[in-house]
Every structure is written in structure tokens, then in C-alpha cells.
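Here are my notes on the fold, point by point. Please keep the model open while you read.

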Amino acid sequence: MFIERTSVGLDVHARSFAAAAIDGDTGELVQVRLSPSYEAVKSWLAGLPGPVAVVYEAGPTGFGLARALTSQGVRCVVAAPSKLSAAMRFSPLAAR
């Protein structure tokens with residue numbers, strides 16, 4: 001059972017971040033493209049119904065984002081690419 005109301009997936013790249021959030025209560029799905037800054041992500045997350053949980057795939061951008069979100073009280077999981085199924089890594093949503 002999740003304790004967070006909103007679940008967020010981030011596709012993190014050096015030039016931009018793609019984000020998708022689903023509200024567990026209403027089922028509303030929101031997709032946005034964000035500038036690649038921690039402040040942009042934190043600001044967008046602050047506008048979502050809370051509490052919020054975030055996941056993104058580990059990569060060259062490192063763990064700074066996870067540390068920034070965790071310090072703000074947001075549960076953040078960084079997933080190892082080798083632990084994700086091929087269907088997850090190559091889904092249409094992940095490509096956006």
C-alpha cells in the first residue's frame with residue numbers, strides 16, 4: 001500500500017527532464033517537460049497533490065536530484081537500469 005497520493009516518474013537528461021504524474025485518488029495523469037534544474041522539478045512537484053513519491057532511472061546526471069528531493073521530504077527512488085524490465089525502459093511514456 002502506498003502512502004503517497006501522487007506517483008511521479010522522471011526521465012532525466014542533461015538538456016531536459018520529462019515528467020509524468022498520476023494522482024492515486026482521481027487517476028488524473030499529468031505530463032510535462034521541465035528545464036533540467038532541481039528548482040524546476042521541486043517547484044512543479046510542490047503544485048501536485050501530496051504527499052508525492054518520485055522515481056527516476058540512474059544515469060550520468062547522478063544522485064544530486066534524489067538528494068535535493070529527499071532533503072525536501074519527498075520520497076525519491078533511483079532505479080538501477082539493469083533492474084528495470086525492457087518493457088519499462090522502452091515504453092512510449094519513457095520515450096517522451
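1. β1 and β2 pair antiparallel, over 7 bridges. Strands here are DSSP E runs of at least two residues, helices are H or I runs of at least four, and both are numbered from the N terminus. Two strands count as paired if DSSP finds at least two bridges between them. The two strands make a hairpin, with 4 residues between them. Ser 7 stands opposite Ile 22 in β2. Val 12 stands opposite Phe 17, also in β2.

2. Note the basis. This is a predicted model, in which local features need pLDDT of at least 70 and side-chain atom pairs count only at pLDDT 80 or more, while totals for chains, interfaces and linings use all residues. Residues are numbered from 1 along each chain as its sequence is written, and side-chain values use heavy atoms, with hydrogens and water left out.

3. β1 has two faces. Thr 6, Val 8, Leu 10 and Val 12 point to one face and are buried. Buried means under 20% relative accessible area, exposed means over 50%, and partly exposed is in between (1.4 Å probe, protein chains only).

4. β1 also pairs with β4. These two run parallel and are joined by 5 bridges. Thr 6 has Val 52 of β4 as its bridge partner.

5. Now the whole sheet. It is open, has 5 strands in the order β3-β2-β1-β4-β5, and its pairing is mixed. β3 (29-34) and β5 are the edge strands; each has a single partner, so one side of each lacks a neighbour in the sheet. From one strand to the next, the twist averages 20 degrees.

6. Both helices need a look. α1 lies across β1, β2, β3 and β4, at about 160 degrees to β3. α2 packs on the sheet, touching β1, β2, β4 and β5, and its direction makes about 165 degrees with that of β5. Contact means heavy atoms within 4.5 Å. Axes are lines fitted to C-alpha atoms, for helices over the stretch in contact, with angles from 0 to 180 degrees between N-to-C directions.

7. Which residues of α2 are buried? In this helix (64-71) they are Gly 64, Leu 65, Ala 66, Ala 68 and Leu 69. Their cover includes α1 (38-46) and β4 (52-57). Gly 73 follows the helix, with a positive phi near 90 degrees.

8. Check Glu 57, in β4. Glu 57 is partly exposed, at 34% relative accessible area. Its C-alpha is separated by 6.1 Å from that of Ala 80, 23 residues apart along the chain.
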